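Here is a short report on one protein model. Look at the structure first, then read on.

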Amino acid sequence: MKKNFLIFILILPFLIISCEKSEIVEPEIELNEFSILKENNPAISQDFYGEISDDFIYLKCPGLEDLTQLIPTIEGEFQTIYIDGEQHVPNISEQDFSMPLTLELTYNNKSKTYTVFTQGYNLLPIVSIHTENGLPIESKTENIKADFTIFNALNHSNILDAGKIKGRGNATWNYAKKPYKIKFSEKQEPFGFKSNKDWVLLAEANDNSFLRTAFMCEVSKALEIPYTIDFQHVDLYINDEYKGLYIFTEKVEEGKFRVNLDNDGFLFEKDTYYKDEPLYFTTDIFNQHFTFKYPDADNNDIVEGDENFNFINNFMNEVERKILLLQEDSTSTLFEDMIDIESFAKWYLAVEITGNFDPNIFYVLKNRKSKLQMYPLWDSEWSLGLYDLSWGLNITSDLSSHSIWERKYLFNCLFNSPIFRDEVKKQWNLFKNNSLELEDKIDYYVESIKYAQETNKTLWTMPAGKKELLVKFENWEEEINYVKNYYYNRIIFLNSYFTSL
């Protein structure tokens, strides 16, 4: 007993010292809440709370137009607050939240840093364009110098650059709500997209839902088409005037991160408006007209009668000749030497899945030894039942692309081949497996634009085209339900159709 008592006496000082040390251990810095409360901000009508995720804070303030003079409430375990390097006085110091902020919390020698991203008003990124001398954008051919600012994009960097802008589109240029083509002076990465100078602002003047481009892109990804355009819904301002909800997206062009071609490759489009372009060629058998994206006819990289022009014209004539043979001999395999049947099957399915009546049709020849491919997908404004509504049709349970040339002639020939039919069925089954999350992704877009579509309505009466829809929707929710139901019923029909092939 005496021996144990002696050991206890000997270790007691160490226990006391250990307890004393544990009492002065500094607490870990912890952020529990980051908010904008109306009790400290009399100009706002509700409280807004930030989402804290790792080293980021996402603060969404729908309906709040002015983000420049707000007093944040910051709660947690810390001693001192610094915002953008300046000490912040809690519940007193005003901050400008229109730009991303750096929040640093300290406790003695410890610190922890967050980046604060804020979205106000419609919760969408804002593209602000100021043209030189405030000039209006009235031409598709004449560029106007402009300054561009892209901000309010949450976890993406703001962009400030000069450049130029002009109108774009064919029929869509005649609508009241105009689409635009912009070119930055330097390559930019808006919204984390791949670096480029050239971008497009789509007005989507006929699409009340603003979801048809999203469906097109998600279907393209599910089909694993080689290149799918990146896009972002944005609020557009031109010379400080609100122009509505737009889609900021990539331009279809040759490039490492777009349509990637070898030096001897081709990117061309079947073009209804071919006479408006500087150069086009016409095929002999099907009498189809094609214009050039690459080589660039505007810069005379290809001219009528030169070696490039003659090669692609002869190539397409040979493609049509070998496809036409299938009308007389379904066992012919000569077309396989010319076209990538997987690519053609995927493009065909994408058009059928979305019920796209009027897609832009691009062809890709990576180099002169390659097979012809069909991609990327572009222009989905008349898809998912919109054309049906406009003309009083009901083709949910029919092949919608019967009405476009490719379905009536090109694919009509290809479907004579059991090889092509089998490829379509194969790609359909792969699509079903890859599309399980598609509707969840669409719900994300619905949530992101629910405020912006309301403000867009204050400017534009839909549709902006010459023909009024025969079916009117009472509200945006009905628009969304119609698009979703059309897609759902379309999948059921197509599954039955392709299974029976």
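This is a predicted model: local features need pLDDT of at least 70, side-chain atom pairs count only at pLDDT 80 or more; totals for chains, interfaces and linings use all residues.

Which residues make the contact? H4 supplies Tyr-348, Leu-349, Glu-352 and Ile-353. H10 supplies Tyr-487, Arg-490, Ile-491, Leu-494 and Phe-498. Seven of these contact residues are nonpolar and two are charged. None is polar.

## The nonpolar cores

The largest nonpolar core has 85 residues. Within this core, Ile-339, Phe-344, Ile-353, Leu-372, Phe-411 and Leu-414 touch the most other members. Ile-353 also belongs to the contact of H4 with H10.

What does Phe-411 touch? Leaving aside residues up to four places away in sequence, its partners are Phe-344, Trp-347, Tyr-348, Met-374, Glu-406 and Phe-420. Another core lies apart from the largest one. This other core has 24 residues, including Val-127, Ile-150, Phe-193 and Phe-248.

## A closed barrel

Seven strands form a closed barrel. Follow them in the order S9-S10-S11-S12-S13-S15-S14. The pairing is mixed. From one strand to the next, the twist averages 35 degrees.

Start with strand S9, residues 126-131. Five of its six residues are buried, so S9 is largely enclosed by the rest of the structure. S9 runs antiparallel to strand S10 (residues 144-151), and six bridges join the two. Here His-130 stands opposite Asp-147 of S10. S9 runs parallel to strand S14 (residues 231-238), and four bridges join this pair. Ile-129 stands opposite Ile-238 of S14.

Now move to strands S13 (residues 196-202) and S15 (residues 241-250). They pair in the antiparallel sense over four bridges. Val-200 stands opposite Thr-249 of S15.

## An enclosed helix

Just after H2 comes Glu-224, with a positive phi of about 60 degrees.

Methods: Residues are numbered from 1 along each chain as its sequence is written. Side-chain values use heavy atoms; hydrogens and water are left out. Contact means heavy atoms within 4.5 Å. Ala, Val, Leu, Ile, Met, Phe, Trp, Tyr, Cys and Pro count as nonpolar, Asp, Glu, Lys and Arg as charged, and the others, Gly among them, as polar. Buried means under 20% relative accessible area, exposed over 50%, partly exposed in between (1.4 Å probe, protein chains only). Two strands pair if DSSP finds at least two bridges between them. A nonpolar core is a set of buried Ala, Val, Leu, Ile, Met, Phe, Trp, Tyr and Cys residues joined through side-chain atoms within 4.5 Å. Axes are lines fitted to C-alpha atoms, for helices over the stretch in contact, and angles run from 0 to 180 degrees between N-to-C directions.
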